[in-house]
Amino acid sequence: MEKEKITNSEISDLGVEDLDTIILFSRVANGLLKHKVMNKQQILAELEALIAEPEPYALKRGGKFKNLAEKVLELRQQGQLIKPQRPINELKKEIADFPVYGIEHIEAGALNQMRTAIQLPIAVAGALMPDAHQGYGLPIGGVLATTANTIIPYAVGVDIACRMCLSIFELPAHTVDDKTDDLKSILLKNTHFGMGSESKWHDDDSLFEKPDWKATKQIRTLRDKAYKQLGTSGTGNHFVEWGELTVQGGALEGVPAGNYLALLSHSGSRGFGAGIAGYYSDLAMKKTKLPPEAKHLAWLDLDSNEGQEYWIAMNLAGDYASANHHEIHNKIAKAMQLQPLLRIENHHNFAWQERLADGTPVMVHRKGATPAGNGVLGIIPGSMSTPGFVVRGKGNAQSINSASHGAGRLMSRNAAFKTIKRDLVTAELLEKKITLVGADLDEAPMVYKNIHAVMEAQHNLVDVLAKFQPRIVRMADAKERPED
């Protein structure tokens, strides 16, 4: 079998015209390829970025590309032509209209980020949910439809396929008061939180039989970490909690009206998703040059190798995130010696190939937004002391079939540590009869928007079917720093 190689022609196509420089580039590039430091796509992307902007590479001490960057700068000083091959993708001059739900609840930073996103040359439509706040690239709570063959890793997010999962048990809601110690113990024995957390045993690891785990070098590199972290949760706003679920009559099939004990979890694809997001976000920013204010919105083309690699990895991260939740819920259900009456779950931080109301095929990025197509079930949580809601989407075309993914933050984590008083949090939890394990002031109820106001702002996007009130909340220990 012939070994993979980066040819002189491929280097010339990047804009290198001097023969000696082509040979120098070829030696370095194929050395990296031979020793498996990077794959071919990443090496070519790095070389392309280096030719366009050699200065940052030349300043790195001992960088793999330092000598090449210095050579490019030398040739430029001599007036020899090395043509940059990464033209800047200019933003659209006009800012297209997009709906903003609950604009009175949304900070200026999030609005500005959405305005920038809708100006991308690949943008088709957008919407901003009432829980929106500023993030990287696309705001959290932002929905962006782009041309069908493009995908933006940062518009999906760092925690790919972060999701909600709810199990409803055939036990009365007052079980959370009658059996508080038992339920807390079951929660502690079957959940693991933190950046490096791992699970000692798995209930079902059949997901790892999928051939997609061998599809790319990046996936193969992260597979062992993913296996060890199956059934664990991250930091920040990730949680697993017991609560009281109030179901309206006829709202949920197979679940009569009443008050039930329920288990709710929120987490994503752990280190696997973060590794994929970091690698392909960086690659996209090297491949797609944008103005500084839009640089995190760089996209990959699905017709390219790297675009296909990301698409495979993102979807695998979605399956993995779902398996994480199932692992937790199944272990707890077995400890309870019960099967849930119903399980409801949904992604946010994902991209879907869909069609707009007029039939236009698009890629819909929902970064911190819940799918709310007609009849689609989802879960929108509040905070550790305020209710969450089981909802059914109304299929609102203007919102691109989307709703909020939670209450949304009012303040940053640093601001929370500076302003929130611990005794006020303690009083709030005592009043609501909430048992808290883990967490710190950056996840206090006061750092979140009023969930009732957020739900009112999207009453034409979803119908509320049930209300979930947290009672025993498990989060990462206070010493753990958030992953995103």
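## Strand β5 and its partners

Strand β6 (residues 258–267) runs antiparallel to β5, and nine bridges join the two; strands here are DSSP runs of E with at least two residues, numbered from the N terminus, and two strands pair if DSSP finds at least two bridges between them. Within this pairing, phenylalanine 239 stands opposite histidine 266 in β6. β5 also pairs with strand β16 (residues 462–474), again in the antiparallel sense, over eight bridges. In that pairing, glycine 243 has proline 470 of β16 opposite.

β5 spans residues 239–247, and seven of its nine residues are buried, so the strand is largely enclosed by the rest of the structure. Buried denotes a relative accessible area under 20%, with exposed over 50% and partly exposed in between, for a 1.4 Å probe and protein chains only.

## Basis of the model

The model is predicted: local features need pLDDT of at least 70, side-chain atom pairs count only at pLDDT 80 or more, and totals for chains, interfaces and linings use all residues. Residues are numbered from 1 along each chain as its sequence is written, and side-chain values use heavy atoms, with hydrogens and water left out.

## Aromatic pairs

The structure holds twelve aromatic pairs. Rings of Phe, Tyr and Trp (for Trp, the six-membered ring) pair if their centres lie within 6.5 Å; planes under 30 degrees apart count as stacked, over 60 as edge-to-face and the rest as tilted. The ring centres of phenylalanine 350 and tryptophan 352 are 5.2 Å apart and their planes lie at 65°, so this pair is edge-to-face. Phenylalanine 350 and tryptophan 352 are both buried.

Elsewhere, ring pairs link Phe208, Trp213, Tyr227, Phe272 and Tyr320 into a cluster.

## Charges over rings

A charge sits over a ring if NZ of Lys or CZ of Arg is within 6 Å of the ring centre and within 35 degrees of the ring normal. The charged end of lysine 331 sits over the ring of tryptophan 201, at 4.4 Å from its centre. Likewise, tyrosine 57 has the charged end of lysine 60 over its ring, 5.5 Å from the centre.

## Cysteines

The structure holds zero disulfides, a disulfide being a pair of cysteine sulfur atoms within 2.5 Å. Cysteine 162 is in no disulfide, and the nearest cysteine sulfur is that of cysteine 165. For the sulfur of cysteine 165, the closest cysteine sulfur is in cysteine 162, 12 Å away and too far for a bond.

Cysteine 162 is buried, with a relative accessible area of 5%. Cysteine 165 is also buried, its relative accessible area being 0%.

Conventions. Helices (H or I, at least four residues) and strands (E, at least two) are DSSP runs, numbered from the N terminus.
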